[in-house]
Amino acid sequence: MSQNNSSNNLVAPNSRGALEQLKYEVAQELGITLSPDGYQGNKTSYENGSIGGYITKRLVTLAEQQLAGQYK
């Protein structure tokens with residue numbers, strides 16, 4: 001198994017749709033409008049960082065809940 005350190009490669013490629021949906025949900029919660037064509041270059045670093053940070057928090061929460069369910 002080869003290891004690729006690129007952050008653009010998903011460990012589970014079939015999760016791409018769910019991650020895209022999560023990105024749009026988080027942006028909406030933060031009041032940030034994302035471009036439907038996928039171009040986000042007009043967003044500030046703060047806006048893009050906020051979206052990424054909240055996605056990370058949500059994914060960590062989901063993982064913790066899943067782990068807690070496994071080790072009851």
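This report describes the fold, core, loop residues and salt bridges of one predicted protein model.

## Basis of the model

The structure is a predicted model, in which local features need pLDDT of at least 70 and side-chain atom pairs count only at pLDDT 80 or more, while totals for chains, interfaces and linings use all residues. Residues are numbered from 1 along each chain as its sequence is written, and side-chain values use heavy atoms, with hydrogens and water left out.

## Overall fold

The protein has two helices and zero strands. Helices (H or I, at least four residues) and strands (E, at least two) are DSSP runs, numbered from the N terminus. Helix H1 covers 16-30 and helix H2 covers 45-70, with a loop between them. H2 has 26 residues and spans 37 Å from its first C-alpha to its last, close to the 38 Å expected at 1.5 Å a residue; the expected span is 1.5 Å times one less than the number of residues in the helix.

Of the 72 residues, 15% count as buried. Buried means under 20% relative accessible area, exposed means over 50%, and partly exposed lies in between (1.4 Å probe, protein chains only). The protein exposes about 6,000 Å², and carbon and sulfur atoms supply 53% of that area. Accessible areas come from the Shrake-Rupley method with a 1.4 Å probe, and for residues only the protein chains shown count as cover. Among contacts (heavy atoms within 4.5 Å) between residues at least 6 apart in sequence, 45% join residues at least 24 apart.

In soluble globular proteins, nonpolar side chains tend to be buried together. Here the largest nonpolar core has seven residues: Leu22, Val26, Ala27, Ile32, Leu34, Ile51 and Ile55. H1 and H2 each supply at least two residues of this core, and H1 gives the most, with three. A nonpolar core is a set of buried Ala, Val, Leu, Ile, Met, Phe, Trp, Tyr and Cys residues joined through side-chain atoms within 4.5 Å.

Leaving aside neighbours within four places in sequence, Val26 is in contact with Ile51, Tyr54, Ile55 and Arg58. On H2, the buried residues are Ser50, Ile51 and Ile55, and what covers the buried residues of H2 includes H1.

## Buried residues in the loop

Ile32 lies in the loop between H1 and H2. Ile32 counts as buried because its relative accessibility is 11%. Not counting residues up to four places away in sequence, Ile32 touches Ala27, Lys43, Glu47 and Ile51. The C-alpha atoms of Ile32 and Asn48 are separated by 9.2 Å, and the two residues are 16 apart along the chain.

Gln40 also lies in the loop between H1 and H2. With a relative accessible area of 15%, Gln40 is buried. Its contacts, leaving aside neighbours within four places in sequence, are Leu34, Ser35 and Asn48.

## Salt bridges

Side chains of opposite charge can pair when their charged atoms come close. The structure holds three salt bridges, each defined as a side-chain nitrogen of Lys or Arg within 4 Å of a carboxyl oxygen of Asp or Glu. One of them joins the side chains of Lys23 and Glu20 (3.2 Å, N to O). Both residues lie in helix H1, three residues apart, about one turn of the helix. Lys23 is partly exposed because its relative accessible area is 22%, and Glu20 is partly exposed at 36% relative accessibility.

Another salt bridge pairs Arg58 with Glu25 (3.7 Å, N to O). This pair links distant parts of the chain, with Arg58 in helix H2 and Glu25 in helix H1, 33 residues apart. Arg58 is partly exposed, with a relative accessible area of 25%, and Glu25 is partly exposed at 32% relative accessibility. Glu29 also forms a salt bridge with Arg58, the closest N and O atoms being 2.7 Å apart. That pair too links distant parts of the chain, Glu29 in helix H1 and Arg58 in helix H2, 29 residues apart. Glu29 counts as exposed because its relative accessibility is 55%. Salt bridges that share partners join Glu25, Glu29 and Arg58 into one network.
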